[in-house]
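Open the structure in your viewer and keep the selection tool at hand. The tour below goes from stop to stop, saying what to select and what is there.

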Amino acid sequence: MSSQISPTSPTVPKIVVQATDLCKTFGTRGPTVTALDRVSVSFTAGQFAAIMGPSGSGKSTLLHCLAGLERPDSGSVVTAGAELTRMSADQLTMLRRDRLGFVFQSFNLIPTLTAAENITLSERIGGPRIDREWVDHLVSVLGLDQRLEYYPAEMSGGQQQRVAIARALAHRPIIVFADEPTGNLDSHTGGEVLDFLRLAVEHMGQTVIMVTHDPLAATHTHRVVFLYDGQVVDEAQNPTAQDILAHITARRMAV
Ligand SMILES: Nc1ncnc2c1ncn2[C@@H]1O[C@H](COP(=O)(O)OP(=O)(O)OP(=O)(O)O)[C@@H](O)[C@H]1O
Ligand SMILES: [Mg+2]
């Protein structure tokens, strides 16, 4: 009996995000757009996962639904132990502030706050205290030391993106959701950011779910989920660039 693996054994991967039958449509004017069409997908704790698919395939919508930023029309999302579809707007705000991190495709930095103030935003709006040493480390790894007193409008797109990444990680969230986190970075800086995210996963048990168009970015991850027309159509484990290109070509996906 003692050799049996119980359901709570550490060898059983813990699911931290479980989406079931998610549907989301947009459009009150003209034809409706089906952004998510019965998506069921789960993500494991301590893994770096990527979501890939053509433009308009529903990647951002899925990430927003998984992080409680958008409500699906139907289906269920359990993230960090909470059933998001049953939570009030205030409960969702607190869950996001305290336990989740999000890097937006369009950064969403607060224009009236400096980089340093943006990075510690969750604490400024009542979230848990942020560990200064950890923030100093993030700032240094992301090369932001000389930019801390700058406002978003005074920074390049790549610098704003790195501030957004630091902000998402600053309060040590259970899960980091990142929508094209390297989309505005040159390949060298992008590679460093991805290496850092992978280290955070492997050394600190961070869970990262990242949307990307870039097959090379996806090779830093443990798993890639492919979306097409609002549906999960495929996935790959520990993918090489060739694996990813083969999946994309098989579906004729222009990502
Ligand atoms: N707020 C919205 N109002 C209307 N339609 C929307 C809205 N958000 C998304 N859509 C539509 O839903 C579909 C999926 O959009 P989504 O932004 O999730 O795609 P995506 O895969 O992230 O694309 P991209 O790679 O270009 O960022 C698209 O057809 C898009 O036009
Ligand atoms: Mg998108």
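This is a predicted model: local features need pLDDT of at least 70, side-chain atom pairs count only at pLDDT 80 or more; totals for chains, interfaces and linings use all residues.

Is N108 buried, partly exposed or exposed? Select N108 to begin: this residue is partly exposed, with a relative accessible area of 39%. N108 lies in the loop between β6 and α3. Its phi is near 55 degrees, a positive value in a residue other than glycine.

Next, show ligand 2, a magnesium ion. Two side-chain atoms coordinate the ion, OG of S60 and OE1 of Q105, at 2.1 to 2.5 Å. Q105 is partly exposed, with a relative accessible area of 41%.

**Ligand 1**

Now select ligand 1 and the 13 residues around it; S55, G56, K59, S60 and T61 come nearest. Look for these side-chain contacts with oxygen atoms of the ligand:

- S55 has a polar side-chain atom 2.5 Å from an oxygen atom of ligand 1.
- T61 has a side-chain N or O atom that is 2.5 Å from an oxygen atom of ligand 1.
- Q105, from the magnesium site, has a side-chain N or O atom that is 3.1 Å from an oxygen atom of ligand 1.

How much of ligand 1 does the protein bury? Taken alone, ligand 1 exposes 630 Å², and the protein buries 62% of that. The elements that give two or more residues to the shell are β2 (33–44) and α1. Of the elements, α1 gives the most, with three residues.

**Helix α1**

Select α1 by itself. Seven of its eight residues are buried, so the helix is largely enclosed by the rest of the structure. The buried residues in α1 are K59, T61, L62, L63, H64, C65 and L66. After α1, move on to G68, whose phi is positive, near 70 degrees.

Where is A80? Select it in the loop between β4 (74–79) and β5 (82–83). A80 has a positive phi of about 50 degrees although it is not a glycine.

**Aromatic rings**

Show the aromatic side chains next. How many aromatic pairs does the structure hold? There are three. A pair of aromatic rings is described by the distance of the centres and the angle of the planes. Select F102 and F104: this pair is tilted, 4.6 Å centre to centre, with 45 degrees between the planes. Both F102 and F104 are buried.

**Charges over rings**

The last stops pair an arginine with a ring. Select R147 and Y150: the charged end of R147 sits over the ring of Y150, 5.0 Å from its centre. Then select R172 and W134, where the charged end of R172 sits over the ring of W134, 4.4 Å from its centre.

Technical notes:
Residues are numbered from 1 along each chain as its sequence is written. Chains are lettered from A and ligands numbered from 1 in the order in which they are written. Side-chain values use heavy atoms; hydrogens and water are left out. Donors are N, O and S atoms within 2.8 Å of the metal (3.2 Å for Na, K and Ca); water is not among the atoms, so sites may look incomplete. Buried means under 20% relative accessible area, exposed over 50%, partly exposed in between (1.4 Å probe, protein chains only). Rings of Phe, Tyr and Trp (its six-membered ring) pair if their centres lie within 6.5 Å; planes under 30 degrees apart count as stacked, over 60 as edge-to-face and the rest as tilted. A charge sits over a ring if NZ of Lys or CZ of Arg is within 6 Å of the ring centre and within 35 degrees of the ring normal. A residue is near a molecule or strand if one of its heavy atoms lies within 4 Å of it. A polar contact is a pair of N or O atoms within 3.5 Å; within protein, one must be able to donate a hydrogen and the other to accept it, and residues adjacent in sequence count only if both atoms are side-chain atoms. Accessible areas come from the Shrake-Rupley method with a 1.4 Å probe; for residues, only the protein chains shown count as cover. Helices (H or I, at least four residues) and strands (E, at least two) are DSSP runs, numbered from the N terminus.
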